[in-house]
Amino acid sequence: MKVLGFALRAFRRDLRAGELSILLAAIIVAVTAMTAVGFFTDRVGGAMKDQASQVLAADLVLRSAGPISPGYLSDARALGLEFAETLAFPTVVVAGEQTTLAAIDAVSDTYPLRGQLTVADTLFGNGRPATGVPLRGEAWAEPGLLGRLGLEVGASVSVGERSLRITRVLQYKPDQNIGFINLAPGLMVNLADVPSFGVVKPGSRVTYNQMYAGSDAQIATFRKQLTPRLRPDESLRGREDAGDQINAAIDRAQRFLTLASLVTVILAAVAAAMAARRYALRHLDNIALLKTLGATQSFVIAVTVTELAFVIALTSVVGVLLGYGAQYGLAVIAAEFVGFVLPPATGQPFLLGVLTAATVVVGFALPHLLSVGTTPPLRVLRKDLPPPRLSAAVTYGVALAAIGALVLVIVRDPLLLGLIAGGVVGTAVVAFGLGWLLVRALSRFRGAAGIAWRYGLANIARRGGESVVQIVAFGLSLMVLLLLGVVRNDILKTWEQTVPANAPNQFMINIEPDQLPGLKAFFQAEVGQEPVSLPLIRGRLTAVNGTPVKEVKVANAQGAAFLQREANLTWTGTLPASNVVTDGTWWGAGYAGPLQLSLDAELATNLGVKVGDSLTFNVAGEDINAPITSLRTIEWDSFQPNFYVVLSPGVSADLPQTYLASVFVPRDRVEMLSRLVRQFPGVTVLDLEVILSQVRAVIDKASMAVQYVFLFTLLAGVVVLLAAIQLTRDERRFESAILHTLGAARRKILQGVAVEFVTLGSLAGVLAAVGATLLGWGLATYAFKLEYTVSALLWPLGLATGALIVGITGTLATRKAVNEPPIAVLRDR
Amino acid sequence: MLRAAGLTKQVSSPEGILTILDDVSLNIGRAESVALVGPSGAGKTTLLAILAGLDQPTRGRVWLCGEDITAMDEDGRALLRARRVGFVFQSFHLVQSLTALENVMLPLELAGEARAAAVARETLANVGLSARVGHYPRQLSGGEQQRVAIARAFVMRPEVLFADEPTGNLDSATGDRIGRLLFDLNAEAKTTLVLVTHERDLAARCDRTIRIEAGRVEAGEVEAGRVVA
């Protein structure tokens with residue numbers, strides 16, 4: 001009770017006297033940064049999940065080849081889930097004399113549960129978000145269908161026994177299949193109209209979908225209920241199973257955001273440690289006095305710990321409030337820029353804020369303050385008694401353990417934690433080594449120039465260990481700044497380059513072999529470029545090593561799924577650019593021998609097959625059998641057509657096949673596509689621009705979020721710098737006063753200060769560049785799986801930034817101390 | 001009240017073992033005032049620190065208020081100081097972030113005294129600083145700061161008061177006033193006073209002067225200005 005009361009009074013007095021300001025500010029910055037990032041990434045993460053849901057148009061989709069038990073829907077309703085139903089089937093659509101195969105999408109009124117339909121009023125017109133779905137008696141047609149039938153919006157088409165009026169052009173639907181399997185252009189109709197078509201009969205090729213959306217917990221519960229009841233022809237697809245490309249993009253985005261919050265925490269914690277050290281040093285005398293007045297060691301320590309508990313409470317509350325405000329501002333700006341509304345934040349970042357304050361206080365402030373608790377009372381008589389020294393092992397051990405624990409709680413990724421820790425510890429070790437060398441080497445240059453030079457260098461040399469600590473602190477914060485400013489940009493650019501600007505945006509399928517030369521000539525004439533084409537063979541895996549697939553035990557569910565569907569096969573002599581052979585031998589261009597197979601390595605794992613096994617595919621009623629002679633890894637996010645199964649050339653050329661072609665058409669030339677559709681009526685054109693821009697939007701949003709988050713981290717870096725300068729403030733005031741008294745002009749003293757900070761900054765810059773290069777390389781290579789080349793800018797920028805930032809900030813921040821009247825300073829001593 | 005027997009203090013230095021105090025013994029009675037005098041570096045302050053329990057001797061024992069403080073640990077000595085010992089220092093040692101009143105309240109708060117503010121106010125009035133209770137140390141003159149320090153020393157009504165060069169940082173007129181204040185309060189509270197000083201006048205006010213030279217008590221002690229055998 002006595003401790004609590006004393007600590008409370010001490011806390012109030014410290015607050016009032018401004019003794020705690022720097023420490024509080026540092027911890028508040030830590031908590032604010034952390035929770036701003038936490039709240040923001042929480043919301044961005046939510047938005048990301050929504051984006052992934054858009055690929056499904058729901059959070060969970062149940063797909064079946066037959067009518068789905070209505071019981072599932074009542075279960076979904078009971079759990080409070082939203083739901084929608086769709087029916088997909090191919091059928092011939094008639095318009096006057098013209099007929100064409102169309103993929104009918106019959107949707108219920110609630111479709112889509114996630115994402116939005118994009119429609120236009122004219123063929124290739126400007127798209128806009130749709131409200132609702134086609135009304136009964138109406139249809140929304142994909143551009144390809146209108147092109148094939150030579151129709152405009154407003155025309156009528158017949159589906160079975162029903163005539164429908166086309167009221168919109170359907171440009172985009174969230175669950176658009178980007179696997180190039182939909183052969184016919186789509187026509188979206190109202191689900192309630194389907195019975196009136198008279199085309200869906202038992203045995204028809206119809207895919208039934210039920211879609212569900214709700215909270216993560218609801219979906220998980222529902223999925224758990226549903227899974228054991230599924231028939232063999234029913235399958236569930238969740239957000240996590242959604243498109244490979246989107247998943248890869250989101251995964252990287254989240255790693256980026258995690259990295260952002262990570263460096264903010266480290267920077268702010270360094271600032272807090274510096275502030276705590278300064279506070280502790282300033283309180284040596286007070287603690288000695290308290291002990292002289294009869295305070296026991298345990299009392300002093302108890303009061304310190306209690307006061308720190310108040311610090312945690314205050315900084316948590318203030319920091320979380322500020323953090324929420326900061327993220328709100330960020331979210332508003334982000335929304336304004338990219339036009340998406342973030343979902344509300346969860347309460348989790350609040351806990352994270354408290355945890356951050358506690359981690360920073362316990363890991364970075366407590367050791368310094370506790371060590372001061374051991375100050376001997378004799379210090380009241382003997383000022384020259386050195387302050388109690390904290391062993392480096394304790395200081396850094398506790399700090400690293402605390403930050404490591406916090407980081408692990410946040411990222412839950414030991415590899416990333418390891419890389420970060422390695423970079424920081426490595427830089428610290430290198431920095432201490434180099435800093436020590438510099439301090440030693442400096443003495444040689446002291447006589448080289450005037451008094452300012454000598455004073456500045458002498459300052460660094462005389463403070464020895466402290467200078468090294470400062471260099472390390474500057475170096476570490478600069479390293480992070482460089483990591484954000486340069487390496488982040490490099491990694492981001494590399495990442496964005498995985499989606500090339502001129503990625504093929506028009507994909508054509510259903511090209512008859514005899515149409516191919518004409519199609520190539522068409523594009524050569526229109527855009528001066530021939531499309532890349534690959535043969536497309538539809539086949540179903542029927543046997544593995546002669547054993548029918550029904551009797552084959554595959555390795556996992558993905559393998560089982562492959563057995564369920566018709567596969568897209570191709571044949572080629574040259575290994576596709578985004579493929580790498582990991583096992584076996586590629587047959588090579590010009591091969592014309594017996595048929596061989598090359599499989600995606602992951603598919604081989606899923607199926608449980610290896611090089612040397614043989615597979616049998618049924619292609620148009622005919623069985624073809626071939627050995628697997630190579631396995632490949634495929635870079636799926638290359639935005640090039642890729643195939644799980646590739647056949648060797650030669651014999652394959654005689655199999656029934658069509659062609660798939662891809663080409664880049666500039667946006668201002670897309671009007672030519674309607675001519676293409678008319679000239680080659682059987683060819684289905686998929687405008688991937690819409691799909692790609694959707695993917696790019698996800699990436700853009702992620703980048704945008706990352707940049708905002710990093711902006712905040714930059715701010716934390718500046719605070720570290722100021723805290724570091726604050727640490728030596730008292731000493732500088734005194735020194736300047738002495739120099740003034742001895743007759744040195746203010747300008748000379750300032751010059752000396754400038755020399756000192758520019759020198760410190762330059763060295764810190766070099767250290768930072770080393771650290772950033774190593775860390776950037778490690779992160780890019782191991783965490784993000786990107787190729788990273790060190791930017792030529794990094795080193796000169798590190799040096800210049802270090803010298804400039806530290807030089808200017810240091811000189812400015814010290815100016816006041818230098819300019820104080822000497823008598824006021826000397827009296828304080 | 002205060003007894004020391006065979007006090008020796010040695011520290012290791014680059015030149016080897018350095019003896020600061022060499023077999024010092026003394027006995028100071030209740031309400032007695034004693035000045036420790038001697039040249040700089042003679043060991044006066046070290047002796048004061050050991051007598052007050054702020055430092056430990058290498059050899060020898062100290063009994064303060066009847067308790068052997070050399071047998072106590074740091075915390076034990078702190079508790080003893082809290083109840084029975086006061087200090088006045090040459091450099092005042094006021095907490096810069098606290099007002100005069102709060103500085104005087106400190107020992108009361110450490111002792112858990114409920115009426116800390118009232119008692120402290122009263123004590124500040126006794127040293128003539130009623131008008132200055134809300135001032136911070138840097139807003140006070142040197143003499144005023146030392147008066148705050150004296151108020152802080154007396155506020156717990158200590159049995160023993162240790163003063164280390166209490167007038168050392170003050171001009172002679174102010175030093176004189178502070179000296180008078182110290183002795184007036186001492187007489188009134190019947191406190192045992194041990195002070196280290198270079199000021200002859202201040203030493204002369206004491207009942208007894210103990211002269212320290214090179215770590216040893218000089219043979220002749222001076223009592224109220226007279227050398228006694």
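## Notebook: chains A and B

I began at B:Ala35 and looked up its bridge partner in strand 8 of chain B, which is B:Leu195. I note at the outset that the model is predicted, that local features need pLDDT of at least 70 and side-chain atom pairs pLDDT 80 or more, and that totals for chains, interfaces and linings use all residues. Residues are numbered from 1 along each chain as its sequence is written, chains are lettered from A and ligands numbered from 1 in the order in which they are written, and side-chain values use heavy atoms, with hydrogens and water left out.

**Entry 1. Strand 3 of chain B**

I then looked for the partner of B:Ala35 in strand 9 of chain B and found B:Thr209. Strands here are DSSP runs of E with at least two residues, helices are runs of H or I with at least four, and both are numbered from the N terminus. Two strands count as paired if DSSP finds at least two bridges between them.

Strand 3 of chain B pairs with strand 8 (residues 192-196) of chain B in the parallel sense, over 4 bridges. With strand 9 (residues 208-213) of chain B, strand 3 of chain B also has a parallel pairing over 4 bridges.

Is strand 3 of chain B buried or exposed? I use buried for under 20% relative accessible area, exposed for over 50% and partly exposed in between, with a 1.4 Å probe and protein chains only. In strand 3 (residues 33-37) of chain B, 5 of the 5 residues are buried, so the strand is largely enclosed by the rest of the structure. I checked both faces: B:Ser33, B:Ala35 and B:Val37 are buried on one side, and B:Val34 and B:Leu36 on the other.

**Entry 2. B:Thr197**

B:Thr197 sits in the loop between strand 8 and helix 7 (200-205) of chain B. Its relative accessible area is 1%, so B:Thr197 counts as buried.

Which residues are in contact with B:Thr197, leaving aside its neighbours within four places in sequence? I list B:Ala35, B:Leu36, B:Val37, B:Glu165, B:Leu202 and B:Ala203, with contact meaning heavy atoms within 4.5 Å. Three of the names, B:Ala35, B:Leu36 and B:Val37, I had already noted as buried in strand 3 of chain B. The side chain of B:Thr197 also reaches the backbone nitrogen of B:Glu199 at 2.9 Å.

**Entry 3. The open sheet of chain B**

I traced an open sheet of 4 strands in chain B, in the order 2-1-4-5, with antiparallel pairing. Strand 2 (16-28) and strand 5 (67-68) of chain B stand at the edges with a single partner strand each, so one side of each has no neighbour in the sheet. Strand 1 (residues 2-13) and strand 2 of chain B are joined by 9 bridges in the antiparallel sense. B:Arg3 is opposite B:Asn27 in strand 2 of chain B.

I also looked up B:Thr46, which lies in helix 1 (residues 44-51) of chain B. Its relative accessibility is 16%, so B:Thr46 is classed as buried. Beyond four places in sequence, B:Thr46 is in contact with B:Lys9, B:Ile20 and B:Leu21.

**Entry 4. Helix 3 of chain B**

Among the buried residues are B:Glu102, B:Asn103 and B:Glu109. B:Gly112 follows helix 3 of chain B and has a positive phi, near 75 degrees.

**Entry 5. Chain A and the interface**

Chain A has 23 helices and 22 strands. Of its 829 residues, 55% count as buried. In chain A, 83% of the contacts with a separation of 6 or more are between residues 24 or more positions apart.

At the interface, 27 residues of chain A are in contact with 32 residues of chain B. The area buried between the two chains is about 2,600 Å², with 61% from carbon and sulfur atoms; this is the accessible area (1.4 Å probe) that two parts lose on being put together, summed over both. A:Arg13, A:Leu293 and A:Leu381 supply 24% of the area that chain A buries against chain B, more than any other three residues.

How many salt bridges cross the interface of chain A and chain B? I count 4, a salt bridge being a side-chain nitrogen of Lys or Arg within 4 Å of a carboxyl oxygen of Asp or Glu. The side chains of A:Arg13 and B:Glu102 form a salt bridge at 3.5 Å, N to O.

Definitions and conventions
A polar contact is a pair of N or O atoms within 3.5 Å; within protein, one must be able to donate a hydrogen and the other to accept it, and residues adjacent in sequence count only if both atoms are side-chain atoms.
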